[in-house]
Amino acid sequence: DVTVVREIGVLRMLRPHPNLAEMIDFFIKNGKEAHMVFDRAECNLYEWQHRLPGSVVPYEKAACIASQMWSALEHLHMHEVLHRDLKPQNLLVDDANPAVPLVKVADLGLGRHYSVPIKAYTHEIVTLWYRAPEVLLGAKHYAPAVDMWSVGCIFAELARKQAIFPGDSELQQLLHIFKLLGTPNEDVWEDVTKLQDWHEYPQWRPQDLSKVFPKLNEQGIDLLQRMFEYDPAKRITAMDALQHPYFDSMDKAAVDALERESMRTAHLE
């Protein structure tokens with residue numbers, strides 16, 4: 001399976017990180033079936049958030065999860081690796097410490113090394129609901145910004161406990177995005193009308209995100225807007241996201257301690 005071979009190659013290239021699922025072993029069964037063994041996790045993020053009471057994930061938990069997502073992405077992007085398939089089901093959660101859940105990014109089967117200048121890649125990546133607009137519009141050249149759009153969708157989902165752009169086709173996916181964020185034009189995204197799959201779309205004005213996400217604080221709304229920048233070149237990076245004021249009130253020491261313990265346990269095992 002090419003995705004298994006690719007994932008093994010990517011994981012072997014990366015240094016260990018507390019927020020990346022660690023491959024413990026792999027083996028071939030019946031001479032053809034490749035199997036990978038990873039460290040254990042309680043559940044994935046989709047399952048975890050729907051176990052919580054209430055209509056939103058509380059700030060402390062949401063900030064803890066978001067910071068770990070971006071920490072993992074910063075690590076991947078620093079090593080010039082795109083994940084390309086980020087979604088709640090690919091984020092593993094260990095909530096042995098209920099106050100501070102440990103999150104690990106998994107499933108790098110679509111991950112690949114990129115280079116500068118960015119090469120042309122297939123646009124058949126990322127589960128539809130988390131797919132960046134440049135990919136939906138047929139861009140052949142893209143970079144870490146596609147992952148940042150995906151985690152923006154996941155971050156928004158933590159604030160509502162439901163997918164923010166649940167399209168069932170590429171066209172409907174784009175329309176969901178345009179209805180919320182406004183139909184893009186050359187003023188906000190240079191050369192958008194030159195993309196391969198651009199058409200004339202209905203003209204919507206951007207909605208007020210603070211009304212769509214009333215439980216998300218002012219800093220959270222700002223962070224979300226930066227992740228949902230249409231122009232990939234303007235979209236916030238993982239490194240900058242980690243420095244955003246949204247995280248100022250988070251117990252960073254508790255998250256750091258959890259990650260150190262995760263790395264210590266992994267080393268002992």
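## Report on a predicted model

Lys211 sits in helix H7, residues 209-212. Helices (H or I, at least four residues) and strands (E, at least two) are DSSP runs, numbered from the N terminus. This is a predicted model, in which local features need pLDDT of at least 70 and side-chain atom pairs count only at pLDDT 80 or more, while totals for chains, interfaces and linings use all residues. Residues are numbered from 1 along each chain as its sequence is written, and side-chain values use heavy atoms, with hydrogens and water left out.

Lys211 counts as exposed because its relative accessibility is 67%. The cut-offs for relative accessible area are under 20% for buried and over 50% for exposed, with partly exposed in between (1.4 Å probe, protein chains only). Ile221 is 10 residues from Lys211 along the chain, and the C-alpha atoms of the two are separated by 10.0 Å.

**The chain as a whole**

The protein chain has 10 helices and 7 strands. Of its 269 residues, 51% are buried. Among contacts with a separation of 6 or more, 70% join residues 24 or more positions apart. Contact here means heavy atoms within 4.5 Å.

**The sheet**

An open sheet is built from 3 strands in the order E3-E5-E6, with antiparallel pairing. Its edge strands are E3 (43-44) and E6 (102-105), and each pairs on one side only. Two strands pair if DSSP finds at least two bridges between them. E3 and E5 (residues 91-94) pair over 2 bridges. E5 and E6 pair over 4 bridges. Some bridge partners are listed here.

| Residue | Bridge partner | Strand of the partner |
|---|---|---|
| Cys43 | Val93 | E5 |
| Val93 | Val103 | E6 |
| Leu91 | Val105 | E6 |

Side chains alternate along E5. E6 is covered on both faces. Leu102 and Lys104 are buried on one side, and Val103 and Val105 are buried on the other.

**Cysteines**

How many disulfides does the structure hold? There are 0. A disulfide is counted when a pair of cysteine sulfur atoms lies within 2.5 Å. Cys43 counts as buried because its relative accessibility is 6%. Cys153 also counts as buried, because its value is 1%.

**The second largest pocket**

The second largest pocket holds about 310 Å³ of space. On a 1 Å grid over the protein atoms alone, a pocket is an open set of points where a 1.4 Å probe fits, with protein on both sides within 12 Å along at least five of seven lines; lining residues have an atom within 4 Å of a point. The volume is the space filled by probe spheres set on the points, which are joined across faces, edges and corners.

Which residues lie nearest the centre of this pocket? They are Leu181, Pro206, Phe228, Glu229 and Tyr230, from a lining of 15 residues. Helix H6 (170-181) and helix H8 (218-227) are the elements that give two or more residues to this lining. The lining divides into 8 nonpolar, 5 polar and 2 charged residues. Ala, Val, Leu, Ile, Met, Phe, Trp, Tyr, Cys and Pro count as nonpolar, Asp, Glu, Lys and Arg as charged, and the others, Gly among them, as polar.
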